[in-house]
Amino acid sequence: MSSADNPPKPFIYEESSQYQHWRFSPEQLWDIREKNAVDAVNRVKRNLEEEGTSNPQKDYLSAKDGLALCRFYEKQLQGMCRHCKFPDRVMATAVIYMKRFFLYNNVMDYHPKDIFLTCLFLATKSESQRISIEDFGSNLRLPSTANVLNLEFNVSQGLKFQFYIHHPYRPAYGFFLDMQNGPVDMKQLRETYSRVNQVIADILLTDLPFIYQPSQLALAAFMIAGSQNAFDSHVTAYITTKFNTDAPKLLSMIQSITTQLKETPSVTHEEAKNIDFRLKLCMNPAMNPESAM
């Protein structure tokens, strides 16, 4: 029987919903966000006119504004996970849930401060870190958890009910173990791996999880972390040996990831505060229970 009759099976990751539905080029991401922003502005304008509070001078948020505000709250989400002592996998899942939701939804309809709590609660379920809604609210000192539960369906719908997340922490641990099988300075390896998780946390605050595969991001995290103690040369040698003819392409990809990470600006509290102030003036009244609509 020929090989054509028995084509090679795809890798498990390639059969996942993440690979099939949540991978984009940078250009595709911005096309989606720009369309999302234009549609949201038109929707809000129409609803404000129906409510009788339309103002042609209103300063609506751009796609760039919405992304910046979301990234600020993603960073807050990471701090919240540390406060609750949730493992990194819960944090990664919650952050990526938030990214996915706001790729197709807009901050003028849903405020990130409401959505990120529901993303975190859903992530605890998906990652088998079960916690009751009462304990969840108590740990985060929430005055009420009603909105967390009320938004569960909306967020799930925004995720297309695809809850399983492949994040870089799992392959990073796999590479850590695999590197021990060859000649390696264990002290350097442990030092590097101790920094890898923070590099991955930084990566999660960018568009990189939409563009690259988790294993590629994990290797890039090793390369970036290793540059601080000269272990990056060992990572390069490991990739060259492990991936043979694919190594040059992979090393080029890692360089691109490193550059994009450096070029992604962090969002300051002041920037987020200014965007949030403008957002309060252009929220969709149809999503406000106190609105006359």
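**A friendly note on this predicted model**

1. Thr124 sits in helix 5, residues 112-126. Helices here are DSSP runs of H or I with at least four residues, numbered from the N terminus. Leaving aside neighbours within four places in sequence, Thr124 is in contact with Phe86, Val90, Gln129, Arg130 and Ile131, where contact means heavy atoms within 4.5 Å.

2. A word on the source: this is a predicted model, in which local features need pLDDT of at least 70 and side-chain atom pairs count only at pLDDT 80 or more, while totals for chains, interfaces and linings use all residues. Residues are numbered from 1 along each chain as its sequence is written, and side-chain values use heavy atoms, with hydrogens and water left out.

3. Now look at helix 2, residues 26-51. Its 26 residues reach 37 Å from first C-alpha to last, close to the expected 38 Å; that expected span is 1.5 Å times one less than the number of residues. Among the buried residues of helix 2 are Leu29, Ile32, Arg33 and Asn36. The cover over the buried residues of this helix includes helix 3 (63-84), helix 4 (88-104) and helix 11 (208-211).

4. How many disulfides does a search of the whole structure find? The search finds zero, a disulfide being a pair of cysteine sulfur atoms within 2.5 Å. The sulfur of Cys70 lies 9.6 Å from the closest cysteine sulfur, in Cys119, so the two are too far apart for a bond. Cys70 is buried at 6% relative accessibility, and Cys119 is buried too, with a relative accessible area of 0%.

5. Next, the inside. The largest nonpolar core has 85 residues, and those with the most contacts inside it are Met108, Leu120, Phe222 and Ile239. Such a core is a set of buried Ala, Val, Leu, Ile, Met, Phe, Trp, Tyr and Cys residues joined through side-chain atoms within 4.5 Å. Helix 4 gives the most to this core, with ten residues. A second, separate core of six residues includes Phe24, Leu29, Ile32 and Leu103.

6. Finally, helix 12 (residues 214-226) and helix 14 (residues 247-263) pack at about 70 degrees, with axes 9 Å apart. The two are therefore roughly perpendicular, a label for angles of 65 to 115 degrees.

Methods: Buried < 20%, exposed > 50% of the residue type's maximum accessible area, 1.4 Å probe, protein only. Axes fitted to C-alpha atoms, helices over the stretch in contact; angles between N-to-C directions. Parallel < 35°, antiparallel > 145°, perpendicular 65-115°, else oblique.
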